[in-house]
2 protein chains.
Amino acid sequence: MITRRKARRVRSGVSVAEAQQRLIETCLPLGTEYVAFVEAADRVAAEDVMAMFPMPRFERSGVDGYAVNLSVEEGITAGKTRPCLVVTEDISAGSNFPRPLDPGTAARIMTGAEVPERATSIVMLEETDEYTKGNRLYIQLKHDVIPGRHIARIGEEWERGEVLIPQGRRLGGSDIGLLVAAGHRRIRVYRKPRVGIISIGNELLHPRPDAGGKMDEAMPAGMIHNSNGAMLAALVRQYGGIPYDYGIIEDDAYKARDFIRSVALKTDLVITTGAVSVGERDVMAEVFVRDTCLLFNKVFMRPGSPTSAGLLPLTAPGDCGDKHIESGEEGEEHRPGLLLNPHSTHRLVLGLSGNPGACFVGFELFASLCIGALQGAPFTKKDALHAFLSEPVLKGSPHPRYLQGKLRGDAGMLLAEPLPHARSSMMRSVPEATCLIVLPGGGKPALKGALVEIIPLGGFR
Amino acid sequence: MITRRKARRVRSGVSVAEAQQRLIETCLPLGTEYVAFVEAADRVAAEDVMAMFPMPRFERSGVDGYAVNLSVEEGITAGKTRPCLVVTEDISAGSNFPRPLDPGTAARIMTGAEVPERATSIVMLEETDEYTKGNRLYIQLKHDVIPGRHIARIGEEWERGEVLIPQGRRLGGSDIGLLVAAGHRRIRVYRKPRVGIISIGNELLHPRPDAGGKMDEAMPAGMIHNSNGAMLAALVRQYGGIPYDYGIIEDDAYKARDFIRSVALKTDLVITTGAVSVGERDVMAEVFVRDTCLLFNKVFMRPGSPTSAGLLPLTAPGDCGDKHIESGEEGEEHRPGLLLNPHSTHRLVLGLSGNPGACFVGFELFASLCIGALQGAPFTKKDALHAFLSEPVLKGSPHPRYLQGKLRGDAGMLLAEPLPHARSSMMRSVPEATCLIVLPGGGKPALKGALVEIIPLGGFR
């Protein structure tokens, strides 16, 4: 019984923000690779992408109309009869080298087509009357002509060499278009992190994805299907990582450590679920304290306070490598500040709760940050957002709570509705959640209408 | 020159909402298929998923502590000495068939473990003092014991047969966890729509993804790289479709129609970009009017007013199949209300603008809806949201405008900031946009602080 008391004693808690900071410091971007633009969506740019040529690259018509060659005086007639121009050309988009325009003539021109030399302006179709005389087409201008109108100048949108996509941007569809428009077929991006997932607990049954459609109803009493592994794998993929679900291991601390190390050697980050609490079967609690350079093993939050993280040496057991890192003793600082790139010698292990609801919250608060940082996009979390509570939360808590909530807009205001019956052990409500509602600690209830911090989960659905 | 005037004349515009409605009516869900849970993320459920067993399936301890067998009177002592109990068992999660608990005894029990028969309550570790006497472990209770405390009852979270995942839900990571927890290894989902993408214009150069990293700087004057095809492919994938980029076709209406039909036979939706405007080279304008059962070829919006859509018969040219559909003549109704499933005989063709900015807006307003509806999730667009304009928009427009904007939260309020210099021909600003700001038509400027409708683009970034 001593073990349990001791394990609880060495836990010195940190705030969520401090825990996040310690994690990010250990997650330097992985290597880079080139991908073709067709494969670049959702990857993170590892370089500034510069324009290879100006945009437009040539003087371009912004409308369907007529390019005209008129002096300012001819164009702006101050009430006198407006000029008629003979149409000498028809320039469509993709026409090469249109002939220079003679004074007093016009060329039919399409949107996106190259403007002929000596054209002074483009007149929209609607601003002309067309008529034919003999075999020739003429236009009569209906309005004054403003010099330079509807001519997009070379470099108007961007100049050659301008940075169009900054390093660190997660590439969306419009970035891919921009990449091609800027003259690039490929882009250097950060490698996707390989994330090992390990579920711990003698009560877990592996769902065996290759088996039949439905689970065995006659499974032993006391056992549950391991759903966290499946959830974590999908979440890892959603945040740009490559999940490797290594299944279930038993409640044995030495076996757990050795297995985690073998997974760590093949991956960039290891996420465990379960066995981080204070019971003597909570072997991850033991592994973190004994075998890792501990980052934290208690976070001031509900749910998920036993969430833990540490750097596991890839070499000999128990070797913390850099001696500047202290192993976790009560009240001591053990931030790995002096480890320049721990990734070469250590592997970050993040221990999430086994309770599905708490596991989800831990993933969103911590694992998503790590996966982002390893891809060179540490701030995948949105800027701090605030919303008004649509319902009171009567039960206070000494520590900050992260409640599942629904975010909605109402006449320019953001409202956050706490989901009823959302407990850390439960997962039924989790898919309904579109945000986490952060309630500060201190034990007070939160009133309806209170302004609270929220963390959106994938935005509005 | 007649052609152009005529093409413009037959255009009877519809509102954005009406255009969306007409599109959705033609987009019935495609077939379904089973996928294993490991492949189910981001797919749309084609069936209600019911729980195969209750959750919990057995009485489960919610904490680490001691299961006790005490009568109400023994537990609630009203100031008298609290009982000491001998610990007779150690029940960890995954232990099968724990022995029934004798009166006045306790069993050490872990979170998630099966509660033994005749246990009346679970007492948290912290609420006991432990001591040993002889070889036996005893606990002294520190507080009163509330009957049933910390025992999760069978079915407390859900009962067998309850619907946990409703048909039509797009599956996130937590849905996948729920699916497994409910006893399922696979789920029936809607097939992903195959989306053919065709870019039209003689000025376009194919970016050739298999060629070197950078484009040829010596490309002909007047030509541009086709960036819309790449952008659309990435956007199609983002919304759950499978993109097939069929490259570029020239400005020839008959060739265009035949090519589009050949693509339509291999895909579920065809998106074109370019050539929908009023010039005689705008062959898609001609194809829509002549060869499709027109849904619309003008939308009251800026940018992208020539955005068009029609149902292309898969069989003989010009055959509209169902005679209840009128071809598009000015002012006439041509809604395909009587076509029960047009997908079997026709294929929806959506014609977006060739201007990158307008193409992007058209995709977000229309194509994303179609791709969602074909997957059985027609309402991928978020509920109507409103935000306050952070800057005035001085230039009014007779028609509603869809401006690129940045959405941010400020003390519980939503602010939308119009991006400067965002024109329909430009794409540089598009990746910066996190929302579209909808400015109503009517020609009036929009004031700073005005409440405007917004359409989030992938939520807050």
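In this predicted model, 19 residue pairs are in polar contact between chain A and chain B, with both partners at pLDDT 80 or more. Helix 4 of chain A, residues 173-181, supplies the largest share of the side that touches chain B. That share is eight residues. By class, this side of chain A holds 49 nonpolar residues, 33 charged residues and 25 polar residues.

Salt bridges also cross the interface of chain A and chain B. Four are found. One of them pairs B:Arg428 with A:Glu162. The closest N and O atoms of this pair lie 2.7 Å apart, and a salt bridge requires a separation within 4 Å.

The contact draws on 107 residues from chain A and 106 residues from chain B. Together the two chains bury about 9100 Å² between them. Carbon and sulfur atoms account for 58% of that buried area.

The arrangement of the two chains was then examined. Two copies of a chain are related by a rotation about an axis and a shift along it. Here, a rotation of 180 degrees superposes chain A on chain B, with 0.0 Å of shift along the axis. The RMSD of the superposition is 0.0 Å. This is the relation of a two-fold axis. The interface residues agree between the copies: 99% of those in chain A are also interface residues in chain B. The copies therefore meet through the same surface.

Definitions and conventions:
Residues are numbered from 1 along each chain as its sequence is written. Chains are lettered from A and ligands numbered from 1 in the order in which they are written. This is a predicted model: local features need pLDDT of at least 70, side-chain atom pairs count only at pLDDT 80 or more; totals for chains, interfaces and linings use all residues. Side-chain values use heavy atoms; hydrogens and water are left out. Contact means heavy atoms within 4.5 Å. Buried area is the accessible area (1.4 Å probe) that two parts lose on being put together, summed over both. A salt bridge is a side-chain nitrogen of Lys or Arg within 4 Å of a carboxyl oxygen of Asp or Glu. A polar contact is a pair of N or O atoms within 3.5 Å; within protein, one must be able to donate a hydrogen and the other to accept it, and residues adjacent in sequence count only if both atoms are side-chain atoms. Helices (H or I, at least four residues) and strands (E, at least two) are DSSP runs, numbered from the N terminus. Ala, Val, Leu, Ile, Met, Phe, Trp, Tyr, Cys and Pro count as nonpolar, Asp, Glu, Lys and Arg as charged, and the others, Gly among them, as polar. Copies are superposed by least squares on the C-alpha atoms of residues with pLDDT of at least 70 in both.
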